[in-house]
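Dear colleague,

Please find below the structure that I am handing over to you. I would be grateful if you would look through it alongside the notes that come after it.

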Amino acid sequence: MSAMTLSQALNSAMDVMLGKDENVLLMGEDVGYFGGVFRCTEGLQRKYGARRVLDTPLSEGGIVGAAIGMGVYGLRPVVEIQFADYSYPAFDQLASEAARLRYRSAGEFWSALTVRTPYGGGIYGGQTHSQSPEALFTHVCGLKTVVPSNPYDAKGLLISSIEDDDPIIFLEPKRLYAGPFDGHHDRPATSWEGHPHSEVPDGHYRVPLGKAKIARPGSAVTVLAYGTMVHVAIAAAQDSGVDAEVIDLRTLIPLDLDTIVASVKKTGRCVVVHEATLTCGYGAELVALVQQHCFYWLEAPIERVAGWDTPYPYAFEWDYFPGPKRVGAALVKAAEAKP
Amino acid sequence: MNEAKPIHSLQPAKPALSLHIPEPKFRPGQKVDFSGLRIAKPGEVRRPPIDVAPQEIRDLADAIIRVMDDEGGAVGPWDPQLSAEEMRRALRYMMTTRAYDDRMLRAQRQGKTSFYIKCTGEEAIGVGQSMALAPGDMMFPTYRQPGLLIAREWSLYDMACQCFANAGDRMKGRQLPVLYSVPQEGFFTISGNLATQFIQAVGWAMASAYRGDSRIAAGWIGDGATAEGDFHYALTFAAVYRAPVILNVVNNQWAISTFQGFAGGENATFADRAIGYGLPGLRVDGNDLLAVIAVTRWAAERARANLGATLIEFVTYRAAAHSTSDDPSRYRPADEWEHWPLGDPIPRLKQHLIACGEWSEARHTQLGAEVEDEVQSAAKKAEALGVLGKGEQHPAETMFEDVYREMPPHLKRQREEFRALK
């Protein structure tokens with residue numbers, strides 16, 4: 001076991017997989033010699049060589065398209081798209097190709113591809129370095145979408161993703177790379193040091209895809225969250241005094257509906273949170289599922305807290321970010337609603 | 001792994017195939033030596049007539065058009081014959097651009113803004129091309145051509161307000177610093193995404209031709225971003241419709257940490273890309289202000305004469321970091337720029353003006369002090385109004401505006417919700 005930041009845990013996952021399987025290779029813009037703009041691949045080119053940790057042309061469609069071809073050959077490429085906001089030039093390759101090879105060939109072809117990409121706000125990245133596009137990917141049949149919230153899960157989920165035979169979108173909450181962040185931007189930044197989930201096994205282990213985790217047990221309200229918002233939701237429960245049960249979904253597709261339903265049936269109340277814009281966000285799917293499966297147990301309307309339906313405004317980061325104050329207000333509203 | 005894949009019956013070829021991985025010439029700690037770089041002598045590249053057939057000037061895509069020689073002379077057919085007054089203005093704009101960059105970088109270090117991008121070493125391109133284009137022409141820049149605005153004598157105060165996202169920022173705090181937008185000067189709103197503007201410049205030019213207008217467009221892109229699909233869309237559309245557009249590739253050698261070999265620069269020049277599309281491609285010394293103006297005028301005349309688009313590669317060097325978010329000494333020798341064989345555009349033009357008898361060390365020092373004052377006073381005035389998160393800001397609720405022309409009901413509801421939180 002070692003204490004790791006989230007970026008170190010991801011680095012460790014890639015290190016383990018590069019060491020274990022010659023078919024695993026990394027590629028992306030600035031990932032090789034430089035070690036990635038967020039340092040997630042630091043040292044890996046030195047250790048495994050420029051052939052296995054490839055710097056690429058600045059071409060997201062090219063990176064993903066090439067990785068699909070490599071996957072068809074039988075390699076397990078792990079590509080980095082420098083910011084999730086830059087995934088759009090690769091969208092055709094992801095949505096029309098990676099996601100459908102297996103289906104259109106009735107299982108004769110597939111490509112085991114993992115696309116790692118930092119998402120979300122909190123670093124003053126403006127509208128082109130802050131987006132949360134998960135719903136675009138979860139809407140594409142054939143892609144799996146994974147979002148870790150801490151170093152331990154990040155490593156185990158990334159290993160599971162690399163070993164999975166379906167194309168994976170692995171969204172990394174960039175504000176969590178160096179330390180947990182609960183949305184209290186006016187407080188000093190914290191590091192992962194001493195955090196219980198920063199103790200990470202050095203070797204190979206998996207965190208299974210499709211299994212949520214209860215990040216904070218509680219009885220009053222169920223909060224469905226992933227990525228950075230898990231930490232925000234826990235802080236909101238603390239600040240508001242509402243005994244919320246915070247579920248860290250970890251994988252959006254496939255989704256662990258059983259854990260969600262069990263919790264909502266227990267609390268009778270539900271709040272869904274994400275950084276992404278509200279309308280047609282992944283939260284809408286969660287709300288639909290909860291009402292379908294828990295309707296007779298619900299004692300209050302399901303609340304959603306999300307990014308406003310605007311591009312991410314550079315200077316108004318903290319007016320935009322759905323922080324603990326907004327989430328806390330939704331917890332109180334859901335907890336106090338009388339049927 | 002839940003499925004085994006039936007492909008690992010390797011077919012042992014003789015010899016076994018291997019993957020080529022480009023490597024930059026020099027890495028940190030290595031001695032920089034550009035003596036092997038093939039560079040045409042100033043004045044040696046021919047200047048064809050503007051109606052030349054693209055296939056007759058394929059050699060110009062591999063040459064480097066240069067005008068200023070090492071002794072301060074201006075030689076050869078590409079000499080744009082600028083007046084001394086024009087050259088002094090160009091010098092002033094380049095020095096202003098550099099002083100502004102230095103001032104804003106300091107402001108970033110002081111926490112007055114979160115981010116900044118310099119264009120150090122590349123000033124001749126923005127400044128020269130802006131001077132060569134006509135008012136009314138439309139420019140689709142990247143974030144590394146502030147000289148386009150400075151050469152139009154656009155307000156430094158306005159630019160600084162954008163970087164500080166204060167109440168004077170016409171972008172209302174919505175964009176990262178340096179992503180300016182100045183329609184008054186034909187300066188298109190800069191995207192934080194790369195390459196997207198390149199094909200849009202072609203579209204604007206197509207529209208101008210469609211309407212029988214006389215204005216042309218120009219687009220800029222970096223060497224790295226030529227690997228994006230948008231670059232190839234642009235060349236295809238520009239060639240197919242003979243769009244009146246100048247397509248500029250600023251080859252500053254580095255895309256963050258990635259050297260231009262990863263954009264295909266090892267195998268062909270970026271100007272060579274033009275050849276496959278049937279476009280004229282020119283390769284130019286981007287640190288030679290006179291050459292920059294000359295080739296831009298050539299391409300502009302060609303576009304205005306309905307002869308279509310030109311691709312120009314400007315060979316230059318990104319002297320500063322990509323942005324305040326990276327440290328270039330981690331991936332290239334810290335002194336690489338000092339060895340760059342095409343030098344620094346500012347001293348080069350200064351030397352030429354002195355050789356012409358139109359400038360002196362004393363006047364240069366005085367000009368340096370003048371532009372420093374001008375930049376200081378603009379930056380101070382902008383800082384006094386507000387810096388990121390402090391002082392006078394636009395109201396945060398303006399973030400709900402301009403998503404659509406008219407605010408739809410769901411955004412009005414969200415704005416109400418936002419107001420109630422305050």
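Predicted model: local features only at pLDDT ≥ 70, side-chain atom pairs only at ≥ 80, totals over all residues.

**Contact between the chains**

Chain A contributes 37 residues to the contact and chain B contributes 43 residues. On the side of chain B that touches chain A, helix α11 (residues 409-421) of chain B gives the most, with five residues. By residue class, that side of chain B holds 23 nonpolar, 15 polar and five charged residues.

**Domains of chain A**

Chain A is divided into domain 1 (2-200) and domain 2 (213-336). The C-alpha centres of these two domains of chain A are 24 Å apart. Where they meet, 31 residues of domain 1 of chain A are in contact with 29 residues of domain 2 of chain A. On the domain 1 side, the elements of chain A that give two or more residues are α6 (134-138), β6 (144-146), α7 (151-163) and β7 (168-173). The residues on this side of domain 1 of chain A divide into twelve nonpolar, 14 polar and five charged.

One residue of chain A deserves a separate remark. L209(A) is placed in the loop between β8 (199-200) and β9 (213-216) of chain A. Is L209(A) buried or exposed? L209(A) counts as buried because 21 other C-beta atoms lie within 10 Å, and the cut-off for a buried residue is 20 or more. Leaving aside residues up to four places away in sequence, L209(A) touches K144(A), V146(A), L157(A), S160(A), S161(A), D164(A), T251(A) and P254(A). Of L209(A) and D164(A), it may be noted that they are 45 residues apart in sequence, with a C-alpha to C-alpha distance of 9.0 Å.

**Nonpolar cores**

The largest nonpolar core has 126 residues, and those touching the most other members are A160(B), A238(B), V245(B), V284(B) and V295(B). Helix α8 (residues 289-304) of chain B gives the most to this core, with eleven residues. A second, separate core has 106 residues, including V31(A), A236(A), I253(A) and V264(A).

To return to V284(B), its contacts include I64(B), I65(B), V295(B), I312(B), E313(B) and F314(B), residues up to four places away in sequence not being counted.

**A sheet in chain B**

Chain B has an open sheet of five strands in the order β1-β2-β3-β7-β6, with parallel pairing. At its edges stand β1 (138-140) and β6 (281-285) of chain B; each has a single partner strand, so one side of each lacks a neighbour in the sheet. Neighbouring strands of the sheet are turned against each other by 20 degrees on average, direction ignored.

Helix α5 (residues 196-210) of chain B lies across β1, β2 and β3 (245-251) of chain B, and runs at about 170 degrees to β2(B).

**Helix α9 of chain B**

In helix α9 (residues 345-355) of chain B, the buried residues are P345(B), I346(B), R348(B), L349(B), K350(B), H352(B) and L353(B). These buried residues of α9(B) pack against α1 (84-109), α2 (123-132), α8 and α10 (361-385) of chain B. After α9(B) comes G357(B), which has a positive phi, near 75 degrees.

With kind regards

Conventions
Residues numbered from 1 in each chain as written. Chains lettered and ligands numbered in written order. Contact = placed C-beta atoms within 7 Å. Helix = DSSP H or I, 4+ residues; strand = E, 2+ residues; numbered from the N terminus. Nonpolar A, V, L, I, M, F, W, Y, C, P; charged D, E, K, R; others polar. Domains from an automatic or database assignment. Core = buried A, V, L, I, M, F, W, Y, C linked by C-beta atoms within 7 Å. Buried ≥ 20, exposed ≤ 12 C-beta atoms within 10 Å, placed from the backbone. Pairing = 2+ DSSP bridges. Axes fitted to C-alpha atoms, helices over the stretch in contact; angles between N-to-C directions.
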